Amino acid sequence: MELYPYWLSLKLAFITSAILLVISIPLAYYIAYSKHKAKFILEAICTLPLVLPPTVLGYYLLITFSPNQGLGAWLKNTFDWQIAFSFSGLVIGSVIYSLPFMLQPILHGFTQLPSTYQEASYTLGKSKLFTLCRVLLPCTKPAIITGCILSFAHTLGEFGVVLMLGGHLKSTKVVSIAIYDEVQMMNYSQANQYALSLLIFSFLTLIAANLFKSRYVKG
Amino acid sequence: MLKADIHYHIPNRYEALNYHFELAVDRASITGIYGISGAGKSTLLRLVAGLEQPLSGYINFDEAIWFDSKKQIHLEPQKRQLSLMFPGKQLFANMSVSQNIEYANNSGKSSADWLNQFDLTHLAQRKPDYLSQGEQQRVAFIRALARKPQLLLLDEPFSAINEELKADYYQTLKHYQQEWQMSTLIISHNRYELNTICQQQYQLTNGKLIVDI
């Protein structure tokens with residue numbers, strides 16, 4: 001049994017979660033506190049991946065980044081960078097697909113905080129950035145951790161987007177695809193090994209992360 | 001000194017609320033505001049603090065223009081030399097009492113000294129969730145004071161404090177009023193309290209401030 005799919009799945013989950021953490025905090029801050037009238041449109045866009053079938057998302061990403069036309073062709077010709085059927089394509093797909101899983105918990109964390117926190121901080125002379133870093137983020141630590149756990153776990157199990165965007169290459173064969181392949185070839189014991197190990201790993205990760213959250217991070 | 005003449009309107013879904021606030025608070029003086037619940041006292045404080053923007057008018061503090069609708073100036077709360085004490089939960093849950101006081105401490109006195117002055121040293125390391133309401137209120141008062149503001153805005157600051165302890169807080173307020181030449185605008189339902197500490201008082205009725213002699 002190949003071990004490479006495990007490495008790929010973990011790598012994809014880590015990189016995706018890291019990128020999502022960096023983008024989601026400013027996004028959640030904006031949606032939570034902006035008074036802009038059209039922000040509900042932004043919120044809808046960010047929630048879209050939750051309701052969209054993964055293959056639909058994968059399909060549109062494939063069309064966008066296909067090296068034979070448009071953006072994909074331009075990227076290939078200018079930077080020799082092919083996104084479709086590559087690991088970086090998977091990262092882009094995962095980031096879009098798992099965005100709601102990082103964004104929603106953090107957004108909820110922000111909106112749960114009493115508005116007096118910001119108002120007290122501002123009237124005490126502290127800037128918005130200072131307030132975000134010294135008060136808001138520390139108070140939403142549990143929500144941020146939840147977001148990281150959910151997006152990590154969600155990315156580990158990703159299949160539809162990867163199937164469309166990954167192609168059938170060694171460099172994009174994550175565990176979920178490997179299971180599919182082994183079933184296609186009727187190697188059920190191999191498929192079972194992949195599936196069971198992914199199940200156990202996901203379960204243990206969730207237990208460990210929740211334990212950490214409840215014992216070391218005060219809400 | 002604080003001088004303000006502002007109009008404000010709350011587009012409430014139940015009724016239209018219009019306010020016209022005209023007030024003056026001298027340097028180193030304490031001004032009280034009283035009125036029935038819902039009259040708009042907290043709204044007034046929020047407008048002076050810059051958390052809400054008036055419809056029209058001006059708010060000046062000494063030579064500084066905090067708000068002027070004609071000149072299109074609205075200074076953000078951070079830039080106004082004030083601090084505001086809210087009713088209710090306001091201490092930062094991620095910090096201890098001591099850290100909360102240090103947050104904007106500009107007084108030259110350490111948080112330990114402040115806590116010692118009010119016999120609250122035993123609370124220094126506690127997080128706000130483990131304080132009683134009265135204790136939270138006292139710490140919030142100290143935090144607002146420790147900023148050494150030119151204008152101190154207090155919204156029902158002593159409502160949860162024992163009668164016996166209140167005198168200490170009145171004393172402290174008067175002390176820093178003199179030492180720092182600090183102006184104070186205080187909202188309270190307690191007429192005795194206002195009579196004890198204020199040099200002037202306003203009553204807020206029907207969206208307007210009436211000077212109380």
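Author: In this predicted model, the elements of chain A, taken from the N terminus on, run α-α-α-α-α-α-α-α-α-α-α. The count is accordingly 11 helices and zero strands.

Reader: What does the C-alpha trace of chain A span along its principal axes?

Author: The trace spans about 65 × 45 × 30 Å. As to contacts between residues at least 6 apart in sequence, 73% of those in chain A join residues at least 24 apart.

Reader: Which residues make the nonpolar surface patch?

Author: A patch draws on residues with over 30% relative accessible area. Here Leu196(A), Leu199(A), Ile200(A), Phe203(A), Leu204(A), Ile207(A) and Leu211(A) form a nonpolar patch of about 690 Å². One of these residues, Ile207(A), belongs to helix H11, which covers residues 188–216 of chain A.

Reader: Why does Ile207(A) count as partly exposed?

Author: The class lies between the buried and exposed limits, under 20% and over 50% respectively. Ile207(A) is placed there because its relative accessibility is 39%.

Reader: How many positive and negative side chains has chain A, and how far apart do the centres of the two sets lie?

Author: There are 14 positive and 7 negative side chains in chain A. The centres of these two sets are 17 Å apart.

Key:
Residues numbered from 1 in each chain as written. Chains lettered and ligands numbered in written order. Predicted model: local features only at pLDDT ≥ 70, side-chain atom pairs only at ≥ 80, totals over all residues. Heavy atoms only, no water. Patch = residues over 30% accessible without salt bridge, like charges linked within 9 Å, V, L, I, M, F, W, Y side chains within 5 Å. Areas by Shrake-Rupley, 256 points an atom, 1.4 Å probe, with all protein chains shown as cover. Salt bridge = Lys/Arg side-chain N within 4 Å of Asp/Glu carboxyl O. Helix = DSSP H or I, 4+ residues; strand = E, 2+ residues; numbered from the N terminus. Buried < 20%, exposed > 50% of the residue type's maximum accessible area, 1.4 Å probe, protein only. Contact = heavy atoms within 4.5 Å. Lys, Arg positive; Asp, Glu negative; His and termini not counted. Charge placed at Lys NZ, Arg CZ, Asp CG, Glu CD.
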